[in-house]
Amino acid sequence: MSDKGLPPNPLPKEGGDIGSPGSQAMAGPALGRPGDGAAEPILRIRGLTKRFGGLVAVGNVSLDLHVGEVHVVIGPNGAGKTTLTNLLSGDLPPTSGQVMFEGRDIAGCSADHISRMGIGRSYQKTNIFLPFTVFENCRLAAQSRTPHAFKVFSRAEGYGEINRRATEAMEAAGLAHRAERVAATLSHGEQRQLEIAMCLATQPRVLLLDEPLAGMGPHESQRMVELIKKLTAGHAIMLIEHDMDAVFALAHRLTVMVNGEVLESGTPAEVRSSPAVQLAYLGGEELLHD
Amino acid sequence: MNSRLTQLLPWVVVGVLALFPLVDSPFYIQLMTKVLIMAIFAMSLDLLVGYTGLVSFGHAAYFGLAGYALALMTPKYEAVSLWWSLPAAIGVCALFALITGLLVLRTRGIYFIMVTLAFAQMLFFVFHDTKLGGGSDGAYIYVKPAMKLGGFELVNLEKADQFYWLALVLMAATYLLLHRVLGSSFGRALVGIKVNEHRMRALGFPVFRYQLASFTLSGSLAGIAGYLAAVQYGFVNPEILSWHQSGAVLMIVILGGMGTLYGSVIGAFAFVILQEVLSNQAWFGIAAKHWQLAMGIFIMLVALYLPQGLAGLARNFRSKPVAEAGDE
């Protein structure tokens, strides 16, 4: 039973065309991944902890993000994955621990500050500007990157550079044909795409993606996986995801969290062969899947 | 559709309003002047309530502060120059708004309402309980400000029609300024903050700074209205800083329709004229004394049947089929 999800090419089901590039992606890290010490991680997390009163939501988590790699964090509900994202994005201040971004400790910085430094995030629960058009959502996101966003008199649409970046982000996320639609009228999947487009329009170097596939249909999921794969080249990506097909298609490194703590971390192959993980997580997940 | 018309309409309205003094009745000219002043006041508040998503219940503080600033700057038997006293009054309001904004913007929602009210009440009691502005009796401005250009009297503020035109110009200028500001990157960011403050922060916008700028601009513009009101009545007393005044301007904004500048103008017109009509003893006899009752019913009806205010009514006339969800 356990070997069903464990073959080297883990995508037997839907999306055959995801499978082959997926195995390529996995071959990458296996051949010569920028291992510890080889290349400086862009984001180095050490001993990150968040307590809510007596509850330890995130306990002593350490992990590294490298540019060109997707680091997937999986774990059952309540494992602390989203809280971890919130700590990294500044939505929540950590209780203790370090988050080194390009050699600088950014733990406890405000969310807007962290965003401007180049760490973008998407939300598990769609968090967009519902009354605005798709374009305006992206334009506003792109505007946040202008050094002088405090322009009071010139028209907002008058900045070619901002408009261009907004359009690029829409195209990347496959939403260009929806530019003039009001965000509230988009389908769920399109709203998820917009969520990513807005994140991209801020031109981050680190992407924290919190369940981008949640609630998406198979076709939309597949497109999102392709998009994330494309983004891997220039970004360090931390991906939280429940969809195991997508996880194994994308992951260069895999971290399993349980009860706020890291149970196992390593290459997908390493994690899969870990008895602890098989016991605690993957087995259960497979039962759910089939 | 016909966006040309929409662009021209404000100028047509200003043109028509400019002709109003032909009525040649000082009473009605003064009444309309009051409408214009309240329109400036309401637009300044709409920047906060309708565009930045901050419901202030202490906006009279800036209105009253500018009035008192003028009263204190005016020598007893001489005119003060408008050229410096108006900017000075606005400056005082801007400074007070900046300082209070630094504190009140740390709160949200109902707390923001209470804290803005508290600051206005503090200012009320400063003028009510100290001799600074004549205490509860208030202070007179015996001579209205002078508006001279090289010895030539540009506008005589003692004349009802000329003062009306000045108020009209300042209202148009306020509208134009806010229109430009709201169409800019800065204005878009404000509306973004109103719609989804959390996401704006996640996108990297320093939300507090934007709100503070909006709060300061709003207070400064309320200062223009307060200055003009003090000129019109030649008198200030603590009532102009009271929470009744803050409530009245909030009602104008809601009545007119939040988040539409012209709604504030329509709201000011409706509110001031209705107040005048309802408190007319010749028409309503004893009920005129209790005009607030009828006004309250009217506002309740608007809130019930025109959730977007009177401006929503105007919009319905203009373009029926436009898709929903355009504004929230």
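This is a predicted model: local features need pLDDT of at least 70, side-chain atom pairs count only at pLDDT 80 or more; totals for chains, interfaces and linings use all residues.

Residues are numbered from 1 along each chain as its sequence is written, and chains are lettered from A, with ligands numbered from 1, in the order in which they are written.

**Stop 1: the core.** Select Cys138(A), Ala197(A), Ile40(B), Ala66(B) and Cys93(B): of the 175 residues in the largest nonpolar core, these touch the most other members. (A nonpolar core is a set of buried Ala, Val, Leu, Ile, Met, Phe, Trp, Tyr and Cys residues joined through C-beta atoms within 7 Å; buried means 20 or more other C-beta atoms within 10 Å of a residue's own, with C-beta atoms placed from the backbone.) Next, pick helix H2 of chain B, residues 26–52, which gives the most to this core, 16 residues. (Helices are DSSP runs of H or I with at least four residues, strands are E runs of at least two, and both are numbered from the N terminus.)

Now zoom in on Ala66(B). Leaving out residues up to four places away in sequence, its contacts include Ala89(B), Cys93(B) and Tyr227(B). (Contact means C-beta atoms, placed from the backbone, within 7 Å.)

**Stop 2: where the chains meet.** How many residues does each chain bring to the contact? Chain A brings 27 and chain B brings 23. On the chain B side, select H7(B), which supplies the largest share, six residues.

**Stop 3: a sheet in chain A.** Show the four strands in the order S2-S1-S4-S5, an open sheet with antiparallel pairing. (Strands pair if DSSP finds at least two bridges between them.) S2 (55–65) and S5 (104–105) of chain A each have a single partner strand, so one side of each has no neighbour in the sheet. S4(A), residues 96–101, pairs with S5(A) over two bridges; look for Phe101(A), whose bridge partner in S5(A) is Arg104(A).

**Stop 4: one threonine.** Select Thr255(A), in strand S9 (residues 253–258) of chain A. Is Thr255(A) buried or exposed? Thr255(A) counts as buried, because it has 23 C-beta neighbours inside 10 Å. Beyond four places in sequence, Thr255(A) touches Leu63(A), His71(A), Val73(A), Val262(A) and Ser265(A). Finally, draw a line from C-alpha to C-alpha between Thr255(A) and Ser96(A): they are 20 Å apart in space and 159 residues apart in sequence.

Terms used:
A residue is buried if 20 or more other C-beta atoms lie within 10 Å of its own, exposed if 12 or fewer, and partly exposed in between; C-beta atoms are placed from the backbone. Two residues are in contact if their C-beta atoms, placed from the backbone, lie within 7 Å.
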